[in-house]
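Please read it with the structure open.

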Amino acid sequence: MDRIIGSTWNANTDTPHPNIISHDNSYDVTIIKLGQLNNYIAICDASYDKDSVDEFCQHETRENINFGVTGKRPGPAGGFLQLNDRSPHHTKVTQNPTSLKLAARSSGVAMPIVYFNNNMTVKTTSWGYKAIKMKRLNSAQKLEEAMELQCYRDILIAEAKSYVISIACIQGCGIPTRRQKKNFINLNRILNEPGSVSDALLRWMTSTGEMRNHQAVATHCDPNRSHEQEIYSVFRRDGCEKKNAYLYLPLENACLDMVCNEQVSICSLSLTPHVPDQTRNTHNFSRVHGPPP
């Protein structure tokens with residue numbers, strides 16, 4: 001199956017949405033509080049090194065996007081397969097009349113199929129979500145790539161500084177965060193270890209994984225309990241025309257406008273549906289990560 005089944009944004013981005021939200025560079029941070037949900041988006045200039053960004057975009061385009069690298073993203077963002085659709089796990093042995101397809105939790109994210117194999121042993125395997133065009137990095141892989149690529153290290157350190165500034169501004173505005181009393185406990189622990197501040201920021205940023213989305217995902221929320229805040233940035237694909245990236249917020253009927261290669265946003269969107277525009281399929285790619293503060 002080649003398409004995502006889910007709510008995607010197919011609007012023509014050459015015609016701006018009437019309710020565009022963008023960052024004013026005359027201020028350090030632009031903060032958007034979303035309804036009464038204690039969800040928010042903070043946008044700022046990441047102060048990326050231009051040469052590092054250009055080199056990173058070339059690397060990601062050449063090594064991953066051009067090769068059609070895929071990864072699993074269970075949940076609404078990755079879309080879903082209908083029961084009669086073909087899935088990598090829909091082998092003949094799983095399709096017996098006695099096989100059971102079920103949602104293991106009320107959220108429906110974990111969706112196993114229980115079946116008898118050829119030896120009549122009960123087995124389970126996942127079904128329902130397809131691989132999408134993306135690269136997933138766990139924390140070890142992220143650290144390894146950061147050690148190999150100076151340009152990636154520079155980007156992570158710049159984002160760490162933006163992260164700290166944005167969280168400080170969010171709390172200064174009186175917007176509650178779930179970990180408010182324990183914010184930066186992990187960063188403070190790492191800063192007390194031997195090494196430079198830059199080394200500490202890099203260790204902090206590589207203490208969790210990263211998703212690089214090479215296609216426009218479907219409408220979703222981000223209810224990750226261990227990561228209240230996420231760092232969201234968008235980069236231009238090498239060789240493509242530079243276009244701004246948009247993120248539509250259906251409940252707010254507003255559209256976030258981000259400048260590729262320049263801006264970063266710190267988001268808490270656990271209860272706020274959002275969907276990217278179609279330039280993720282053609283002109284840019286997004287990165288999502290966020291170490292526990």
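The points below go from the whole chain to its sheets, helices and voids.

The model is predicted: local features need pLDDT of at least 70, side-chain atom pairs count only at pLDDT 80 or more, and totals for chains, interfaces and linings use all residues. Residues are numbered from 1 along each chain as its sequence is written, and side-chain values use heavy atoms, with hydrogens and water left out.

**Whole chain**

- The protein chain holds 5 helices and 15 strands; helices (H or I, at least four residues) and strands (E, at least two) are DSSP runs numbered from the N terminus.
- Of the 293 residues in the chain, 49% are buried, where buried means under 20% relative accessible area with a 1.4 Å probe, protein chains only.
- Taking contacts between residues at least 6 apart in sequence, 75% join residues at least 24 apart; a contact means heavy atoms within 4.5 Å.

**The 8-strand sheet**

- An open sheet of 8 strands runs in the order S2-S3-S13-S10-S15-S9-S8-S4, and its pairing is antiparallel; two strands pair if DSSP finds at least two bridges between them.
- Strand S2 (29-34) and strand S4 (70-72) are at the edges with a single partner strand each, so one side of each has no neighbour in the sheet.
- On average, neighbouring strands of this sheet are turned by 30° against each other, direction ignored; the axes are lines fitted to C-alpha atoms, for helices over the stretch in contact, and angles run from 0 to 180 degrees between N-to-C directions.
- Strand S13 (residues 263-268) has 6 of its 6 residues buried. Gln263, Ser265 and Cys267 cover one side, and Val264, Ile266 and Ser268 the other, all of them buried.
- Strand S3 (residues 39-45) is joined to S13 by 6 bridges in an antiparallel arrangement, with isoleucine 41 partnering cysteine 267.
- Strand S10 (residues 230-236) is also antiparallel to S13, through 4 bridges; here isoleucine 231 has isoleucine 266 as its bridge partner.
- S8 and S9 run antiparallel and share 4 bridges, and lysine 135 is paired with arginine 212 in S9.

**The 4-strand sheet**

- Another open sheet has 4 strands in the order S1-S12-S11-S14, with mixed pairing.
- Its edges are strand S1 (20-22) and strand S14 (275-276), each with a single partner strand, so one side of each is left without a neighbour in the sheet.
- Strand S11 (residues 245-249) and strand S12 (residues 254-258) are antiparallel and joined by 5 bridges. Tyrosine 246 stands opposite aspartate 257 in S12.

**Helices**

- Helix H1 (residues 50-65) has several buried residues, including Val53, Phe56, Cys57, Glu60 and Ile65.
- The buried residues of H1 pack against S8, S9, S10 and S15, and also against helix H2 (139-148) and helix H3 (150-172).
- H2 lies across S8, S9 and S15, and runs at about 70° to S8.
- H2 and H3 pack at about 115°, with their axes 5 Å apart.
- On the H2 side, Lys142, Glu145, Ala146, Met147 and Glu148 meet Gln150, Tyr152, Arg153 and Leu156 of H3. By class, this contact has 4 nonpolar, 1 polar and 4 charged residues, where Ala, Val, Leu, Ile, Met, Phe, Trp, Tyr, Cys and Pro count as nonpolar, Asp, Glu, Lys and Arg as charged, and the others, Gly among them, as polar.

**Pocket and cavities**

- Both kinds of space are found on a 1 Å grid over the protein atoms alone: a cavity is a set of points where a 1.4 Å probe fits but cannot get out, a pocket is an open set with protein on both sides within 12 Å along at least five of seven lines, and lining residues have an atom within 4 Å of a point.
- Grid points are joined across faces, edges and corners, and a volume is the space filled by probe spheres set on the points.
- The largest pocket contains about 680 Å³ of space. It is lined by 23 residues, with Arg73, Met211, Asp222, Asn224 and Glu230 nearest its centre.
- Strand S8 (131-137), strand S9 (210-213) and strand S15 (284-289) each give at least two residues to the lining of the largest pocket, which divides into 9 nonpolar, 9 polar and 5 charged residues.
- There are 2 cavities of 30 Å³ or more, and the largest cavity holds about 180 Å³.
- Lining the largest cavity are 16 residues, of which His220, Tyr232, Leu247, His274 and Val288 are closest to its centre. S10 and S15 are the elements that give two or more residues to this lining.
- The lining of the largest cavity has 7 nonpolar, 5 polar and 4 charged residues.

Definitions and conventions: Buried means under 20% relative accessible area, exposed over 50%, partly exposed in between (1.4 Å probe, protein chains only).
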